[in-house]
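Here is a short briefing to read beside your model. Have the sequence and the 3D view open as you go.

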Amino acid sequence: MVNVGVIGAGYWGPNLIRNFSQTGQSKVLWCADLSDERLEYVKNLYPEIKTTKNYMDLINDPEVNAIVIATPVSTHFELAKKALENNKHVLIEKPITSISENAEELIKLAETNKLVLMVDHTFEYTPAVNKIKEILDNNELGKIFTIDMVRVNLGLFQKDINVVWDLAPHDISILLFLIGKMPSSVKAEGMAYVLEDIEDDAQITLKFDGNVRVHMHVSWLDPLKIRKTTIVGNKKMLVYDDTEKTEKVRVYDKGVTLEKNSLPKDKYYGTWEEFNIVYKSGDSNAPELDDKEPLNIMCTHFVDCINKEEKPVSDGTSGLRVVKVIEAIQESLKNQGKEVFL
Ligand SMILES: NC(=O)c1ccc[n+]([C@@H]2O[C@H](COP(=O)([O-])OP(=O)(O)OC[C@H]3O[C@@H](n4cnc5c(N)ncnc54)[C@H](O)[C@@H]3O)[C@@H](O)[C@H]2O)c1
């Protein structure tokens, strides 16, 4: 049994408490939050969980094996460092830290103390994203041309981070998980319409080796909640709509090819007619997906990694890669869309 202490019981923390209470291999002993109201909320749901305003109570308890951090991004580093220094395994909410050097320090600390350091890149544990990875790894879509990712809705505005730090970690972690490498460069343009200096809408382009282009749109200013990724390959195309209840992933047997004209050369004029553009418009199919809650899969994976002394899928290094991409996007954003190389 892995005994867990959760720091932060705002919007997301209670989801982690619920899931760590349900893995069958972990138990939540403590919850820390600065707000009495939030602690009361947790106490009402789980009377057996000890609550405190001082997170050091969790870290100093020898019964606690792992600390789960669900506080605002700016606090992640300090809390995780304290936990790792005191020999606790750590799960941090995304993004791992707000500065890449801090993530590097946490990775070293976890390695030295032989502890599990994991970041909750929730989507890497979803059946949908894992199915897409399988489809890409099997080369079903052929050579990838473009990927278009949209994650927009109305709010929730954050006071300490912009929309890129809030929403893009999800798409970036999905992308790095699917493609398996870092982008070569990024460009980003955004605007702060509502709060001064806090961008609420951003358009991002990420270039990968092999001419793969990714367009990403994140926004807190959209009347609709859209969570859509379109992957265009030269054989097939795929749409992943996370707002769909059941058929989240659909593969389209659609595409465009250039075929050489079979007419003799004197029957066409110039180079254009030498080729025909051929449109393929075949069937579409939605692969069956497991309906297990991703957060439950993620929490179980963290506990398994502790018990089996294994590296998590979304380990500290994976968290660091996401932060490095966001830092590059941020630099481009502040320099009117300048291309930033990674
Ligand atoms: N994986 C996901 O899909 C997902 C979804 C939402 C949020 N998150 C992440 O979860 C984290 C928290 O986000 P949220 O929306 O729950 O924020 P929130 O503001 O609703 O909650 C944060 C809580 O942390 C508490 N807190 C702050 N400093 C503390 C400290 N030193 N000790 C104890 N408690 C402290 C606050 O009182 C607050 O209750 C962020 O990193 C966010 O990016 C992840």
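The ligand sits in the largest pocket. A pocket here is an open set of points on a 1 Å grid over the protein atoms alone, with protein on both sides within 12 Å along at least five of seven lines, and a molecule sits in a pocket if more than half of its atoms lie within 2 Å of its grid points. This is a predicted model, where local features need pLDDT of at least 70, side-chain atom pairs count only at pLDDT 80 or more, and totals for chains, interfaces and linings use all residues. Residues are numbered from 1 along each chain as its sequence is written, and side-chain values use heavy atoms, leaving out hydrogens and water.

**Around the ligand**
- The ligand is surrounded by 18 residues (a heavy atom within 4 Å), and the closest are Y11, W12, D33, K94 and T122.
- By class, this shell holds 7 nonpolar, 6 polar and 5 charged residues.

**Polar contacts (N or O pairs within 3.5 Å)**
- Y11 brings a backbone N or O atom to 2.9 Å from a ligand oxygen atom.
- T122 has a side-chain N or O atom 2.9 Å from a nitrogen atom of the ligand.
- D120 places a polar side-chain atom 3.4 Å from a ligand nitrogen atom.

**Domains**
- The protein divides into domain 1 (2–121 + 294–310) and domain 2 (124–293 + 324–341), with bounds from an automatic or database domain assignment.
- The centres of domain 1 and domain 2, taken over C-alpha atoms, are 31 Å apart.
- Their contact (heavy atoms within 4.5 Å) takes 20 residues from domain 1 and 15 residues from domain 2.

How values were computed: Polar contact = N/O pair within 3.5 Å; in protein donor to acceptor, adjacent residues only side chain to side chain. 1 Å grid on protein atoms, 1.4 Å probe; cavity = no way out; pocket = protein on both sides within 12 Å on 5 of 7 lines; lining within 4 Å. Nonpolar A, V, L, I, M, F, W, Y, C, P; charged D, E, K, R; others polar.
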